[in-house]
Amino acid sequence: MTRLLLRWILLACSVAAASFVTQALGLAFRVDLSGAAKFLQLLLGVAVLAFLNATLGRFLKFLTLPLNCLTLGLFSLVINASILWLVAGFGLGFTIEGDTWSQFLAALVGSLMIAFINGVLGVFLPDKPDD
């Protein structure tokens, strides 16, 4: 249970760090961390993001398997960005602003940054405890 909580917090930190990186690139993927209530809202948004990625994301990746094979897996990036864009529309801790093209670009770069940062931070939390 502790490891699940730590992974949840690491994902929230990854989303916040990805927000700072995408804002530095001039894209409108924003996280509001102005107080404890906003951080709790971010944790809720991250939980929704993880749930939708685990359910809807897997289902969409299965449905688009032929297209994913043709693009050598790159279409998975589009699915991940679409799910991030969908969850950002709920306004739970993070938002994506702008016109449609810039929103999708921000979601694409944001999902890439979240995956990269979460992978780097995940090194510090191994999958199996040492015996």
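Visitor: Is glutamate 97 buried, partly exposed or exposed?

Guide: Please keep in mind throughout that this is a predicted model. A residue counts as buried under 20% relative accessible area and as exposed over 50%. Glutamate 97 has a relative accessible area of 38%, which lies between these limits, so glutamate 97 is partly exposed.

Visitor: Which residue does the side chain of glutamate 97 meet in a salt bridge?

Guide: The partner lies in a distant part of the chain, 67 residues apart from glutamate 97. Glutamate 97 sits in the loop between β2 and α5, whereas the partner belongs to strand β1. The two side chains meet at 3.2 Å, N to O, and the partner is arginine 30.

Visitor: How many salt bridges does a search of the whole structure find?

Guide: One of them is the pair of arginine 30 and glutamate 97. In another, the side chains of aspartate 32 and lysine 38 meet at 3.7 Å, N to O; aspartate 32 is partly exposed, with a relative accessible area of 35%, and lysine 38 is partly exposed as well, at 32%. For the whole structure, the search gives a total of 2.

Visitor: How many disulfides does the structure hold?

Guide: In general, a disulfide is a covalent bond between the sulfur atoms of two cysteines. Cysteine 13 is partly exposed, with a relative accessible area of 36%, while cysteine 69 counts as exposed at 52%. The number of disulfides in the structure is 0.

Visitor: Which element gives the largest share of the nonpolar patch?

Guide: The nonpolar surface patch covers about 710 Å² and is made by Leu56, Phe59, Phe62, Leu63, Leu65, Leu86 and Phe90. Two elements, α2 (36–63) and α4 (75–90), each give two or more residues to the patch. Leucine 63, for example, is found in helix α2. The largest share, 4 residues, comes from α2.

Visitor: How far apart are the end C-alpha atoms of α5?

Guide: Helix α5 has 23 residues, and at 1.5 Å a residue they should span 33 Å.

Visitor: Which elements do the buried residues of α5 pack against?

Guide: The buried residues of α5 include Phe104, Val109, Ile114 and Ile117, and among them are also Gly110 and Gly122. These buried residues of α5 pack against both helices and strands, namely α1 (2–24), β1, α4 and β2.

Conventions
Residues numbered from 1 in each chain as written. Predicted model: local features only at pLDDT ≥ 70, side-chain atom pairs only at ≥ 80, totals over all residues. Heavy atoms only, no water. Salt bridge = Lys/Arg side-chain N within 4 Å of Asp/Glu carboxyl O. Buried < 20%, exposed > 50% of the residue type's maximum accessible area, 1.4 Å probe, protein only. Disulfide = S-S within 2.5 Å. Patch = residues over 30% accessible without salt bridge, like charges linked within 9 Å, V, L, I, M, F, W, Y side chains within 5 Å. Areas by Shrake-Rupley, 256 points an atom, 1.4 Å probe, with all protein chains shown as cover. Expected span 1.5 Å × (residues − 1). Contact = heavy atoms within 4.5 Å.
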